[in-house]
Amino acid sequence: MSILTYSTLNNWGTGLVGQVEIAAGTMPLTQWQASFAASFTITSIWGAEIVSYVDGIYTVRGAWWNADMAAGAVSSFGFVGIGAPGLGGLGFVGAQPEPPVAAVAAA
């Protein structure tokens, strides 16, 4: 089962540094994409690219070097956000080889 896990690495009240870990399950991930609702605006992102931002929902895809992941591989992307910290609805977009799981770590 493939898993997305969000962590807030730094929170200063009006902004944050966040990270999402992508863990491929027993099958590889190909051209993965993820979406999430955010109460903040991303001003910088690494390890992924923003595909769209509509009504507070971000869709991102893997960078050229981590968009395809072998079974059992782990990667991550991070970002700086300005505004009130808050992220929800984290999940994979599109068909995945196994049912995905999303988790949010305690801040």
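## Ile22 and the core

In this predicted model, Ile22 touches Ile3, Leu4, Leu29, Trp32, Met69, Ala73, Val74, Ser75, Ser76, Phe77 and Phe92, leaving out residues up to four places away in sequence; a contact means heavy atoms within 4.5 Å. Ile22 is also one of the members of the largest nonpolar core that touch the most other members, along with Trp32, Phe36, Phe77 and Phe79; this core has 22 residues. Two or more core residues come from each of strands E1 (3-11), E2 (15-23), E3 (33-46), E5 (57-62) and E6 (74-92).

A nonpolar core here is a set of buried Ala, Val, Leu, Ile, Met, Phe, Trp, Tyr and Cys residues joined through side-chain atoms within 4.5 Å. Buried means under 20% relative accessible area, exposed over 50%, and partly exposed in between (1.4 Å probe, protein chains only). Strands (E, at least two residues) are DSSP runs, numbered from the N terminus, as are helices (H or I, at least four).

## Ala71 in its loop

Where does Ala71 lie? Its place is the loop between E5 and E6. Ala71 counts as partly exposed because its relative accessibility is 42%. Beyond its neighbours within four places in sequence, Ala71 contacts Ala24, Gly25, Thr26, Met27 and Pro28. The C-alpha atoms of Ala71 and Thr26 are 5.0 Å apart, although 45 residues separate the two along the chain.

## Pairing around E5

E5 pairs with E3 in the antiparallel sense over five bridges; pairing requires at least two DSSP bridges between two strands. Gln33 has Arg61 in E5 as its bridge partner.

Strand E4 (residues 48-54) runs antiparallel to E5, joined by six bridges, and Val54 stands opposite Ile57. In the E4 and E5 hairpin, with two residues between the strands, Asp55 takes a positive phi near 50°.

## Notes on the model

Residues are numbered from 1 along each chain as its sequence is written, and side-chain values use heavy atoms, without hydrogens and water. As this is a predicted model, local features need pLDDT of at least 70 and side-chain atom pairs count only at pLDDT 80 or more, while totals for chains, interfaces and linings use all residues.
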